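Please read this briefing with the sequence and the model side by side.

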Amino acid sequence: MSESKTAAVQPPPADGATAPAIRQNPMRTWLGGSAGRNLGLALAVVLLCVVGAATSGDRFLNLENMLTILRYASITGVICIGMTFVITAGGIDLSVGSVMGLTTVVASLTAVQRTAGETSWLLMVAVALAVGMFAGLINGVIIAYGNVVAFMATLAMLVAARGAAELISGRRTQIVIEPDFLSVMRSNFLGVPLLIWIFALVAAAGWFLLNRTTFGRRTVAIGGNLEAARLAGIKVKRHIVWLYVLSGTTVGIAGVMMMGRTTAGTSTHGLLFELDAIAAVVVGGTLLIGGRGTIVGTVLGVLLFSILINVFTQNNLDTSVQQVAKGAIIVAAVLLQQRFAVRGTRRKGAL
């Protein structure tokens with residue numbers, strides 16, 4: 001017995017010696033990483049599609065309904081791309097819905113449409129982008145240089161942008177009548193509506209920016225540890241400003257898409273879109289506390305909610321039930337985030 005006990009006890013490593021490395025299960029590591037989380041989301045999307053096919057049959061599976069799902073997801077999805085960058089850096093933007101309403105109102109003003117008719121329909125696009133970028137710039141400067149908490153700064157912009165949109169429009173809906181603008185925004189390419197192509201291009205650009213550029217790496221670093229990022233030489237305040245300008249840019253693009261889809265500019269556009277955007281980004285796997293972001297996960301999160309709403313609509317279920325289901329999905333996603341965050345902390349401590 002004494003010999004076996006002695007053999008079982010391993011002596012501590014000598015000074016300067018390296019402790020044996022902790023073996024990691026490759027499969028568990030893969031499943032716990034971004035690829036595993038995205039696979040889980042993809043399976044959830046497939047499962048929802050199976051449910052839709054089982055409950056609605058051909059009404060759900062036909063091509064027109066698939067395009068309807070993607071078209072519905074496209075506008076919120078573009079906003080979500082910008083929101084992913086902001087949340088990855090540890091921030092939040094509650095103003096995206098109101099700012100989108102403001103962009104549609106300003107870009108659809110009679111004077112703007114008349115000038116666009118005399119010059120080019122791209123003027124309406126430029127005006128919408130300028131309004132979104134300017135709102136994002138104000139948010140970024142207040143947060144970065146005014147040291148105001150992002151929640152409060154963007155909440156103030158939410159109220160101010162909605163109020164400005166109501167004042168400018170007189171609380172009336174402005175009809176978009178510029179024929180070239182409507183013709184382009186309602187066009188198809190290879191049988192797919194332009195709105196879906198815009199979403200795909202913005203998502204691809206967002207993925208490249210986050211995963212293949214210094215800007216993306218700095219965004220993740222700031223979200224992981226702002227002070228460490230500052231000490232590493234990153235101009236944190238300037239970068240935060242650019243993040244909110246980026247968010248404003250995606251909001252401007254979404255505003256253009258909304259005008260094309262509804263042929264109207266109104267202060268009610270984008271109502272509660274900020275909640276849908278945050279929900280899709282969080283469900284997609286981007287950490288609310290910052291330090292980790294995923295564009296692929298965001299796209300899957302947007303599709304998940306869009307398919308969920310379509311399935312409920314196809315089966316004539318109450319919208320209140322839809323909200324309960326969305327709330328349950330959000331809570332489950334946050335609980336999983338906390339679990340992964342704790343596991344990641346323990347792993348780092350063990351190493």
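In what follows, a residue is called buried when its relative accessible area is under 20%, exposed when that area is over 50%, and partly exposed in between, with a 1.4 Å probe and protein chains only. The model is a predicted one, in which local features need pLDDT of at least 70 and side-chain atom pairs count only at pLDDT 80 or more, while totals for chains, interfaces and linings use all residues. Residues are numbered from 1 along each chain as its sequence is written, and side-chain values use heavy atoms, with hydrogens and water left out.

**The chain as a whole**
- The secondary structure comes to 17 helices and four strands, where helices (H or I, at least four residues) and strands (E, at least two) are DSSP runs numbered from the N terminus.
- Of the 351 residues in the chain, 45% are buried.
- Counting a contact as heavy atoms within 4.5 Å, 78% of the contacts between residues at least 6 apart in sequence join residues at least 24 apart.

**The nonpolar core**
- A nonpolar core is taken here as a set of buried Ala, Val, Leu, Ile, Met, Phe, Trp, Tyr and Cys residues joined through side-chain atoms within 4.5 Å.
- The largest such core has 86 residues, and those with the most contacts inside it are Met-100 and Phe-181.
- Helix α14 (residues 236-262) gives the largest share of this core, namely twelve residues.
- When residues up to four places away in sequence are not counted, Met-100 touches Ile-75, Ile-79, Val-251, Ala-254, Gly-255, Met-258, His-269, Gly-270 and Phe-273.

**Val-131 in helix α8**
- Val-131 lies in helix α8 (residues 122-144), and it counts as buried because its relative accessibility is 16%.
- Apart from neighbours within four places in sequence, Val-131 is in contact with Leu-102, Thr-103 and Val-106.

**Helix α11**
- Helix α11 (residues 194-212) has 19 residues and reaches 26 Å from its first C-alpha to its last, close to the expected 27 Å, a span given by 1.5 Å times one less than the number of residues.
- Its buried residues are Leu-195, Ile-196, Ile-198, Phe-199, Val-202, Ala-203, Gly-206 and Leu-210.
- These residues lie on the same side of α11 because they cover an arc of only 155 degrees around the axis, the arc being that of the directions from the helix axis to the C-beta atoms.
- The face turned away from the buried side of α11 carries the exposed residues Leu-201 and Arg-212.
- The buried residues of α11 pack against α5 (63-88), α10 (179-185), β3 (192-193), α12 (214-224), α14 and α16 (295-314).

**Helix α9**
- Helix α9 (residues 150-169) has 20 residues and reaches 28 Å from its first C-alpha to its last, close to the 28 Å expected.
- In α9 the buried residues are Ala-150, Ala-153, Thr-154, Met-157, Ala-161, Arg-162, Ala-165 and Ser-169.
- Since they cover an arc of only 160 degrees around the axis, they fall on the same side of α9.
- Exposed residues Val-159 and Leu-167 are carried on the face of α9 turned away from its buried side.
- What covers the buried residues of α9 includes α6 (96-107), α8, β1 (174-175) and α14.
- Just after α9, Gly-170 takes a positive phi of about 65 degrees.
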